[in-house]
Amino acid sequence: MSTGSSTRKAVIVGAGPVGCLAAMSLAKMGWSVDIYEGRPDMRLPSSKAAAQQRSINLAISARGLAAIQTIDPAAAERFLSTVIPMRGRMIHDAQGRLQSQPYDRDGQCINSIGRAYLNEDLLSEAVAIPGIRAFFQHKVSAIDFDRKTMVVQDIEGTKDINVLFDLCVGADGSYSIVRRQLMRVVRMDYQQEYIPHEYIELKMSPGPPKEAGGDPTFSLDPNHLHIWPRHTFMLIALPNKDKTFTCTVFAPTAEFDRLGSDKAILQWFRTNFPDALPLIGEEALLHDFHRNPRSPLMSIKAKPYHYKDRAVILGDSAHSMVPFYGQGLNCGLEDVRVLHILLRDAGVDPTARTLDGQEDPELASVLSRYSETRHEDLVAACELAMDNYVEMRHSVTTPGYRFRKALDNLLYSLNRTHVTAKDVLQPLLKTPFLATPGGWLPLYTMVTFRPDISYSTARRKFERQSRVLEIAAWASAGVAVGAAGITCATVLRRLYNRP
């Protein structure tokens, strides 16, 4: 086909972080890229008010940073200057007592950043690259993949536009139009699950200055992700650069349904989050509770993710997951990194045009390989996210969890070598993942701080280690802590490393 240029055209549907990074990836490889977004330009002041109503703060960690580093190292460095590092969880019990649970013994951290800021930053980086154009308030309504055309509605101009493309990348979220259109031409296995929980966003204002005339302060320690676990529901809080915290209440739908009056809302918070209520403020709490929507949570699994050499879906379009492992964004950005490396290594030529109806065998092979090799990892990521909700809202408060966590960390400490995200960054510029790691590694470390370990590899290793921890939990019942416990851990480590 011909789009009137010697360079092949990729259309990106969706201007979120994944779509923007995908656009940057393809443009840097020589493609001409157009981004189509149904919403207004998020950088405009008129768009910011609506964005504030749904803003679950994003926790970007090593996987997401490695992806940005692979596509644009300079952008990654600038981006890091805008985040707030969180070095662990701060658990708030029902009596207001605090317990810090560090994420990593080497001081590695996850990073809090507002959704809107991250998106605006990546969008600005993308449109500054020659070869990328962005069209806002342009909603895709139909796609013909065989003819490589799509119909786009110009919302402002109230007219339809026919757009030609060589490759369509769907990065348009959980309710993806690209995925729905793919289902017409692909035998796609598809599973969608709503969990019986919803969330509501709240805002915690800055604290008072330490001295008269000084700057506002954080009301809570800004270097922790704060969690109020209450078995079937929880409250979390992530820091922002303006000294506020974005708070999110996750609870069963039935629990929210019982909060039908201001009195019921305030009493529920007084009972369950007594230390958080004064920091949020009763008036602010009621304002946000009534103004901000109750939003559902869903998990989506699909396969395959591509069609011939014509289309591929990335991010939430392919694998929407619940937010309880903080991997939705990181996984989506990693999708881009993996596809980028496959395209680069295959030497797909962005100037090699094909005639109408013909396929580019190299590009078709890359997209097929992406679907085949990525699926197991994406299923693992979705399931790990679901599992972590139980841990965050309940398990972190139990003695059994604390014992297993302590033993997990002890066995980890016996590793002779420590590998951090910085150690594996350079190899990941060339390959999607490295070999299966040896030694004992906690699941959280593998998922969050080791982007060289795929999600599926991390899960398999965790399941093996869990069996060892289960045996240890029974064997250690009634055993005094001290030298005997360390000896037991050493023996378990040797058993684990035995061929």
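**Chat: a cavity and a buried tyrosine**

Q: Which helices each supply at least two residues of the lining of the largest cavity?
A: Helix H1 (17-28) and helix H12 (328-346) do. Helices here are DSSP runs of H or I with at least four residues, numbered from the N terminus. A cavity is a set of points on a 1 Å grid over the protein atoms alone where a 1.4 Å probe fits but cannot get out, and lining residues have an atom within 4 Å of a point.

Q: Where do the numbers come from?
A: This is a predicted model, where local features need pLDDT of at least 70, side-chain atom pairs count only at pLDDT 80 or more, and totals for chains, interfaces and linings use all residues. Residues are numbered from 1 along each chain as its sequence is written, and side-chain values use heavy atoms, without hydrogens and water.

Q: How many cavities of 30 Å³ or more are there?
A: The structure holds 1. The volume of the largest cavity is about 40 Å³.

Q: Which residues line the largest cavity?
A: Its lining is Ala22, Ser25, Leu26, Val169, Val336, Leu339, His340 and Leu343. H12 gives the largest share, 4 residues.

Q: New topic: where is Tyr325 found?
A: Tyr325 lies in the loop between helix H11 (316-319) and H12.

Q: Is Tyr325 buried or exposed?
A: Tyr325 counts as buried because its relative accessibility is 8% (buried is under 20%, exposed over 50%, partly exposed in between, with a 1.4 Å probe and protein chains only).

Q: What is Tyr325 in contact with?
A: Leaving aside neighbours within four places in sequence, Tyr325 is in contact with Leu384, Ala385, Asn388, Leu443, Tyr444, Val447 and Thr448 (heavy atoms within 4.5 Å).

Terms used. 1 Å grid on protein atoms, 1.4 Å probe; cavity = no way out; pocket = protein on both sides within 12 Å on 5 of 7 lines; lining within 4 Å. Points joined across faces, edges and corners; volume = space filled by probe spheres on them.
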